[in-house]
Amino acid sequence: MNKVLKYFIIVLCAIGSLFLVGLVTMIVMVGYAFGSFDKSYSVSDLKEEYYLKEPEIADLIKYYNTIKPENYSVDIEFKNDEMLNRLTITTKDPSEIIYQNWDVSSSVLQTKEIRNLLGWEDREVKVLKKKLDKANCISVEDGEPLKIGFKRSGMGMFSFNIFQKANTNREEYNDGCEYILINKYLALQYGGGAIGNQCFPDKN
């Protein structure tokens, strides 16, 4: 084998190896982005988590109900102390989106536009985040039932739906797929996001 052919094969193998490494890296990155390596939770896991943190969740709901705006509904999810995964503000009746954003600094809550809608001071936001942390949860969404986001798994979300009213129709929260009704106060929920499975991955 002459030197030119030998070097050509070596270079070709090197390029092939780099391409393979790049491909594997890309597959892993896409897997992380879509939650392939995130922890998943069964119905039993969620029930255990809820009952473990039930007093903290009740305290979170009590506090949220004291600060929620009268004329708007808020869906807020924290990524950490500085960032929000999402913030959606809608009118109550009829429902109309007033503001919606993803991956935004939590400082947006102190802008004139948002403060005029919510009336939240920085201290109230910090207390809300602290109470979410104590409840081991990440989001709260106004409504009946009130939805407390527990954890994300990729684009999906595991949540606790807490009923505030005795006359709320529970039937739609017991479809055996997206919703699992535990009792008259609690329905578990798994939403798979825009492209994910909308049923609980493990109903046991």
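Glu77 stands opposite Ser139 in β4. In this numbering, residues count from 1 along each chain as its sequence is written. The model is predicted: local features need pLDDT of at least 70, side-chain atom pairs count only at pLDDT 80 or more, and totals for chains, interfaces and linings use all residues, while side-chain values use heavy atoms, without hydrogens and water.

Strand β1 (residues 72-78) runs antiparallel to β4 (residues 139-141), and 3 bridges join them. Strands are DSSP runs of E with at least two residues, helices are runs of H or I with at least four, and both are numbered from the N terminus. Two strands pair if DSSP finds at least two bridges between them.

The open sheet holds 8 strands in the order β3-β2-β1-β4-β5-β6-β8-β7, with antiparallel pairing. Because β3 (97-105) and β7 (179-181) at the edges each have a single partner strand, one side of each lacks a neighbour in the sheet.

Angles run from 0 to 180 degrees between N-to-C directions of axes fitted to C-alpha atoms, for helices over the stretch in contact.

| Helix | Strands | Angle |
|---|---|---|
| α2 (residues 43-52) | β5, β6, β7 and β8 | about 50° to β6 |
| α5 (residues 122-134) | β1 and β4 | about 60° with β1 |

The largest nonpolar core has 41 residues, and Leu128 is among those with the most contacts inside it. Such a core is a set of buried (under 20% relative accessible area, 1.4 Å probe, protein chains only) Ala, Val, Leu, Ile, Met, Phe, Trp, Tyr and Cys residues joined through side-chain atoms within 4.5 Å. Beyond its neighbours within four places in sequence, Leu128 contacts residues including Leu60, Ile76, Trp120 and Val140.

Key: Contact = heavy atoms within 4.5 Å. Buried < 20%, exposed > 50% of the residue type's maximum accessible area, 1.4 Å probe, protein only.
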